[in-house]
Amino acid sequence: MKKVAVLAAMMLVPLLLAIPTASAAPTTAAVGDFGGCLAAQQQGDLLLMVDQSGSLQGSDPDAARVSAANYLLEQLNTFGGSAGVELNVAIAGFSDDFTVHAPWTRLDNGSLPALQGEVERFRTRTDGIDTDYWNALDGARRTLAERDGQSEANRCQAVAWFSDGKLDFTVRDAEKPYSPGVSLGSDQGVQQVVAAARESICRPAGIADQLRSSGIVTFAVGLAAGTAQPSDFDLMRSIATGGDGACGKATSSSPGDFYLAQNIDDLLFAFDAFSTPGQAPIEGETGVCVVSVCDEAQHRFVLDDSISSVTVLGSADAEGLIPTLVAPSGAQLPLDRGGAPTTATLDGAQVAYRWMSPRSVSFTMTKSDDSAQWQGMWALVFVDPDGSSPLARSKTNIHISGNLFPAWLGMDTSAVHSGEKTSAIRLGIVDSDRNEIDPSDLLGSAALSVSLTDAGNVDHPLVERIAKEHIGDPVELDFTQVPPGAATLRLTLDVTTADARSASGDVIAPGTALTPQFVDVPLTVSPPIGYPVVSSTVDFGTVEGAGQFAASIPITGPGCVWFDGAAPIALDSVPDGVGDVGVSAGSAPSATNCLEIGEGQQASLPVDLSVPAAGNGSLNGSIPLMMSPPGEPDRALPINVAFSAELQKPLNSGRFWLVFVLVLLFSVAVPPLLLYGVKWWTARIPAKTLKAMRVGVTIEGGQVLRDGAEFGIRESDLSQLVRGLNKPARSLDVEGVELRTRIGLSPFGPGYVVAQQPGLVAASGAESSVDRRTGGARLPLAIHNNWVVLHDPDGPANLATVLLLVGADATDDSNRRLVADLVRKVPGRVADLRAAHPGATPSATPPSAPPSSDPFGAPAPTFGAAPSWDAAPTFGGTGQSGAGAPARSSAGDPFDPFRPPGS
C-alpha cells in the first residue's frame, strides 16, 4: 500500500484565545453531490453561462463577473489536476437568445488561457435586450444533452449560471416561441410573456424538471446591484434549488445551489464556493487587528507534510487593510497591494498571491523541499494599519484537501442482488490516482459510511461510520430491503486531523473535522437469483415530430417479464405542447402473455413511445414492468425502467423556403462550386480506431439468428482493426466491403459514406439506410458504432451478412444497444431490399476500380490532392464530421431539385 505522511499539528505554546468560527459548506449541498459524481466518474462537464443583457452596463460597469468567472476557471483547473478529474468546460452567453461562444474543451494548463480569453470578451458583451431565462435554460439543456449523447459513460454535468436581473423583456414588436401569438409590443404583452416563460420553466415536468431529471446540477449566481433587488432573484433561486416547490416538482435533495452577490467580493466568494466540487472550503469570519497582528482576529489553519498546497480567498468589508500571513514560527508576510500576481517565500513555503479587488486577496501556498516549518498552525489576519476601521469584519474560504476518497475495493467483481446480503466485501481509502491508502497512517480519526438511494429516491443506510481501525475489514452490505433497479451508492469518508499538542504533549486544540468526501457510484441492483435481469434504462434517442417510436429493453433469463398496466407511467420531464405521452409494451401486456426467456438466454422487450404532438425538449420518465421466475407469476416483483428521449420538431417548411430563397439569391454572388468544394474537402471518415466484424445471419420469424441462436457479440469477436484510419480517409476496404465517401447532389449539409459489395444489395441502421444513386448502404461520415446488412436478392430470402463497425472506445452498454438496434431492424431492411430488387443486383464499383471523377458522387480529389492537415476546432475540441448528417430520401424516391437538403 501507499503510505501517507502523518497528519499532526504540534504547537509550541498554548492558545488561550478562542479560535474564530470556521465551518465547511453543508454536506447536502448540490456542490457536494456534483463532487461525489466527479470523484466516482473522474470526468464531467461544466457549462459557464453568463448574462449579456444591457443592464450590466449599470450593474457591473467594471465587469466583476469576468474577474470572478476567470478566478473560477483557475480554481477548477487546479482542482481537476489535484483530484484526478477530467473536467470539460463550455462557455455560453444569453440575453434575448442563447449562444455558445466556446465549445467543449478539456480544462487544463494548456487550454486555460484560451478559455479565460473567451471570458474576457464578456466585458463588452452588454448589448442584449432581454433577460430571457427560458432561452438560457433551454439552451443549456440542449448543449449538455448533445454533450451527454457523445459518451456512453454516466456523465457528471453542471451549469454555472450568472445573471444581474430578473426574467424580463424589452418592449418591441416581437414574439417568443413559448408564447406564440403574444406580442412584446406593450407592457401588458411583456407581462404575459413573462408569465408564459415562468409557466413553461416551472410547471411540473417543465424545463426546470428537464434539467433535474437529466442529472444536471445548477449553480446560480445573482448580482443584486444597480437597480436589481434581492427579491428579483426569487425565481432564479427556485429554479436552482427546487426545494421550496415553487418551481418544478419539489425535491428532497437540492438539485442546485443559489448565491446572492452585491459586489465583486460577494461574486468572488460565490464562484469560489463551487470551485472545488466535493471539497467545500472551510469558511471563517472574524474581526480585524488594529495596527499590528493580534491573536483574536486570526483565520487559522493547520498543515502537515501530507498537504502539498493550500488556497485561501480572503476579504474584509473595509479598504486599506493589510492581509498578513503568519507562519508557525511567528514569521509574517504582508500581502501588499499590487496590480500583478506576486510571489514570495515564507519559512520555505512558496506563496503566490493576487489582489482580486480593493478588498479581496487570493493566495496559494505550496510546500517546497526545504520547507521545514510547513507543519503547524498558520494564520491569515487583516491588519488595520492606522486604526481607522477597528470594527471591520473579515472572512475567508480556506481550501485544504488531502485528496483522499472512500472506495469499495473490488466492486467490479461483486454481485449485488435485491433481497439478499452481499458476500464479505472490503471498503478502503484511495488517493487521487486511485491507489489504496493504509488507514493506519492517519494519526487523526476517520470513519467510512455507505448508503444507497434506490430508483424511488428512498435512502437505505448500509454501513454506519466504520472506524479507521476497522476500515478494510470484511463487511456485508444488507440489500434485503432494497428493490431491484437503478440506484446510487454513496460512500462517505469523514476525516478529523489529530489533536494539536504542545511540546509537553498537552492538547492545545482538538483536531479539525475536514469536509466529508463523497463518492457517488451508479449501481444496478439485480433481482433475486432465479428472476430475469432487466436493463435499468432504455433510450429512444432523438425523436422528430409526432407518432409512434420504437425501442427495446434487453433482458437475460430465466423468467417472465411483462408491462404493468395497472401502474402509471412516471413522467419526470415533458416538453411543452406534446400532449399525453404514452409508453407501452404491446407484445407482453400481462402475466399470461409475458415475454418468457430461458435460462441464460437473452431477449429484447419491444416498447413503443407515443408522442401525440411535436415538441422540443427532454422527455424522461420510467416504465413499470413486472417480472417473475419461470412459471411462478405469484412471485412477481415490480421493476421500473428509466426511459429518455430527445424530442425535436420537424423542419419548418415556411422558414426553410425563406432561407432557401435567400441562399439562392446569395448563390448568385457565391458560386455553388465553392460550396461543393468545401463540402468535398470535409467529407472524410474521422481518424479514429475502428474494429470490424462480418458474420452471416439467418432471419426466422422476425428474429436474427447467428449459428441458430439469437444474434450477439462474442468475446472473441471484434479482434481485427481496420487499416487506413491513421488519418482521415475517403475510402476503406473493410472485410471485402468497399466504404467510400460521397457529397451528394446538394451543396449543403455534410457528406456521407456508401458501403457496397459487387453482387449484393445493402442497407444500414441509419434512418436513411440506402443511397438512392448507388443502391449501397448509407452511413454517416462517423461510421463508428454502426452496422450494415448485405443480401443477395437472387439467393435465399432468409440469409444475409452483417458488418459491424465498432469504435475502440465502445463499451459493453453501447455494444448491447448496437446489437439491439441491429436485431430490431435487420428483418425489415432485408425485406425492403428484396422488394426493391426482385431478382436483380444493382451495379457496384469493385474495390479495384479506379476512382470516379464525378464531383456529385465520387470521392476523387477533383479540387486537388487531399491536404495533410485537418481543420482543428477552437479551444482544442475534437472535430466530428457528419455526426449530425441529415436524413435523405429513400432509394425509391425520384430526385426533386426543390426538396429541402437532406430530406
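Is Cys247 buried or exposed? Cys247 counts as buried, because its relative accessibility is 0%; here buried means under 20% relative accessible area, exposed means over 50%, and partly exposed lies in between, with a 1.4 Å probe and protein chains only. Keep in mind that this is a predicted model, in which local features need pLDDT of at least 70, side-chain atom pairs count only at pLDDT 80 or more, and totals for chains, interfaces and linings use all residues. Residues are numbered from 1 along each chain as its sequence is written, and side-chain values use heavy atoms, with hydrogens and water left out.

## Disulfides

A search of the whole structure finds four disulfides, a disulfide being a pair of cysteine sulfur atoms within 2.5 Å. With bonded cysteines counted along the chain, the pattern is 1-2, 3-4, 5-6, 7-8.

| Disulfide | S to S distance |
|---|---|
| Cys202 and Cys247 | 2.1 Å |
| Cys289 and Cys294 | 1.9 Å |
| Cys560 and Cys594 | 2.0 Å |

Helices (H or I, at least four residues) and strands (E, at least two) are DSSP runs, numbered from the N terminus. Cys560 and Cys594 are both buried.

For Cys202 and Cys247, the torsion about the S-S bond is about -85°, so the disulfide is left-handed. Cys202 belongs to helix H6 (residues 187-202), while Cys247 is in the loop between helix H8 (234-241) and strand E8 (256-261), so the bond ties together parts that are 45 residues apart in sequence. Cys202 is buried too, at a relative accessible area of 11%.

The disulfide of Cys289 and Cys294 is left-handed, because its S-S torsion is about -85°. Both Cys289 and Cys294 are buried.

## Strand E3

Now to strand E3 (residues 43-51): nine of its nine residues are buried, so the strand is largely enclosed by the rest of the structure. In a regular strand, side chains alternate between the two faces of the sheet. On one side of E3, Gln43, Asp45, Leu47, Met49 and Asp51 are buried, and on the other so are Gly44, Leu46, Leu48 and Val50.

Which strands pair with E3? Strand E4 (residues 86-94) pairs with E3 in the parallel sense over nine bridges, and strand E6 (residues 156-163) runs parallel to E3, joined by seven bridges; strands pair if DSSP finds at least two bridges between them. Val50 stands opposite Gly93 in E4, and Met49 has Trp161 of E6 as its bridge partner.

## Salt bridges

There are 29 salt bridges in the whole structure, each a side-chain nitrogen of Lys or Arg within 4 Å of a carboxyl oxygen of Asp or Glu. Arg155 lies in the loop between helix H5 (133-148) and E6, so the pair ties together parts that are 110 residues apart in sequence. Asp45 has a relative accessible area of 0%, and Arg155 is buried at 12%.

Another salt bridge joins Arg490 and Asp33 (2.6 Å, N to O). This pair links distant parts of the chain, with Arg490 in strand E26 (residues 485-496) and Asp33 in helix H1 (residues 30-41), 457 residues apart. Arg490 and Asp33 are buried.

Glu120 and Arg123 also form a salt bridge, with their closest N and O atoms 2.6 Å apart. Glu120 is partly exposed at 34% relative accessible area, and Arg123 is partly exposed at 36%. Finally, a network of salt bridges links Asp130, Asp132, Arg172 and Lys176.
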